[in-house]
Amino acid sequence: MINSTQVSYFALSAYFDTGLFKYLYFMVVMSLYLFIVCANVLLIVVICTNRSLHEPMYLFLCSLFANELYVSTGLFPFLLVQILSDIHTVSTSFCFLQIFCLHVYGGVEYLTLAIMSYDRYLAICYPLHYNTCMTSKKIAILIAVTWLCPCFLLVVVLSLITPVKLCGNIIDKVFCATHSVVKLICSNTIGINVFGLIASFGTIFVALNVILYTYLHILRVCFSGSKETRQKAVSTCTPHLASLLNFSVGASFELLQSRFDMNSAPNILRILLSLYFLTCPPLFNPVMYGLKMSKIRALTKSLISNICY
């Protein structure tokens with residue numbers, strides 16, 4: 001038995017020898033990372049520099065895009081280094097930092113999607129009271145809560161994990177994850193697992209309840225309202241629902257992998273499924289919102305035109 005404070009590194013056993021193909025994988029991952037950074041930064045700049053977009057919906061989108069940048073920075077540079085490396089290890093301190101980064105991202109993503117559905121609920125169901133309900137102070141509080149709650153929960157989780165004794169240092173993934181480290185603990189992990197499940201499913205339960213409640217009311221208003229109301233709901237809710245579905249599918253894959261034995265599945269499939277919820281939403285969301293939302297699309301085209309010409 002060794003104390004986790006004495007472990008200097010973790011070995012990531014999911015990596016395998018790809019020969020010269022590693023340079024191809026490096027270029028693919030690098031291209032994805034650059035696209036994600038450019039797309040999300042572009043939309044953040046468009047929203048921040050145009051006063052016409054200083055509305056609750058777009059400010060929540062700005063927080064969502066910032067979260068995509070945050071997780072991409074915590075994952076992609078690490079993957080690029082590991083792809084070119086012959087020895088796939090990560091220092092203990094960086095591993096815990098990555099755990100914090102990746103899991104906070106998941107919480108922030110779900111909670112941001114929940115407050116975005118609440119915003120659409122107010123705009124569609126109570127349009128006359130929207131500006132009164134969605135004040136600047138309330139927007140700031142909602143965005144702060146979506147970031148601070150996951151951060152607090154992860155601080156508690158890591159404070160439970162770091163002092164315990166470990167029976168090894170091999171993680172069967174391409175990045176660090178909480179449950180992978182918990183599996184290495186020698187002592188009873190019921191307390192840690194229970195808190196982890198409460199934190200994970202508590203966040204999901206709260207977010208999904210808000211989303212289901214708001215969309216049930218939005219659907220009711222759409223069916224009983226005018227054609228204009230239905231068009232407004234479709235134009236603003238479609239990208240949100242697509243983002244929610246995309247992230248939920250990816251997060252479900254990761255939760256299933258972390259809680260159940262997936263050794264019978266091919267290694268490459270397990271790697272792709274575990275990376276899905278960390279790579280597809282940051283790639284998908286800016287494209288979806290940039291193309292589907294007319295205001296953002298028009299101002300983005302204008303900004304690109306000004307830069308190019």
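1. Lys295 and Glu55 are joined by a salt bridge, their closest N and O atoms being 3.1 Å apart; the term stands for a side-chain nitrogen of Lys or Arg within 4 Å of a carboxyl oxygen of Asp or Glu. This pair connects distant parts of the chain, since Lys295 belongs to helix H10 (residues 294–308) and Glu55 to the loop between H1 and H2, 240 residues apart. Helices (H or I, at least four residues) and strands (E, at least two) are DSSP runs, numbered from the N terminus. Lys295 is partly exposed, with a relative accessible area of 33%, and Glu55 is partly exposed at 32%, where buried means under 20% relative accessible area, exposed over 50%, and partly exposed in between (1.4 Å probe, protein chains only).

2. Please keep in mind that this is a predicted model, in which local features need pLDDT of at least 70 and side-chain atom pairs count only at pLDDT 80 or more, while totals for chains, interfaces and linings use all residues. Residues are numbered from 1 along each chain as its sequence is written, and side-chain values use heavy atoms, with hydrogens and water left out.

3. A search of the whole structure finds 5 salt bridges. One of them joins Asp119 to Arg120, with the closest N and O atoms 2.8 Å apart, and both Asp119 and Arg120 are buried. The side chains of Arg270 and Asp172 also meet in a salt bridge (3.2 Å, N to O), and this pair links distant parts of the chain, with Arg270 in helix H9 and Asp172 in the loop between strand E5 (170–171) and H6, 98 residues apart. Arg270 is buried, with a relative accessible area of 14%, whereas Asp172 is partly exposed at 38%.

4. The whole-structure search also finds 2 cavities of 30 Å³ or more. On a 1 Å grid over the protein atoms alone, a cavity is a set of points where a 1.4 Å probe fits but cannot get out, a pocket is an open set with protein on both sides within 12 Å along at least five of seven lines, and lining residues have an atom within 4 Å of a point. The largest cavity has a volume of about 620 Å³, and of the 30 residues that line this cavity, His103, Thr178, Gly196, Ser200 and Leu255 are the closest to its centre. Helix H7 gives the most to this lining, with 7 residues.

5. The second largest cavity has a volume of about 30 Å³, and its lining is formed by Met57, Met116, Arg120, Thr236, His240 and Tyr289. The elements that give two or more residues to this lining are H3 and H8.

6. The largest pocket has a volume of about 680 Å³ and is lined by 26 residues, of which Tyr25, Val29, Ile83, Ile271 and Leu275 lie nearest its centre. At least two residues of the lining come from each of H1, helix H2 (56–84) and H9, and H9 gives the most, with 8 residues.

Methods
Grid points are joined across faces, edges and corners, and a volume is the space filled by probe spheres set on the points.
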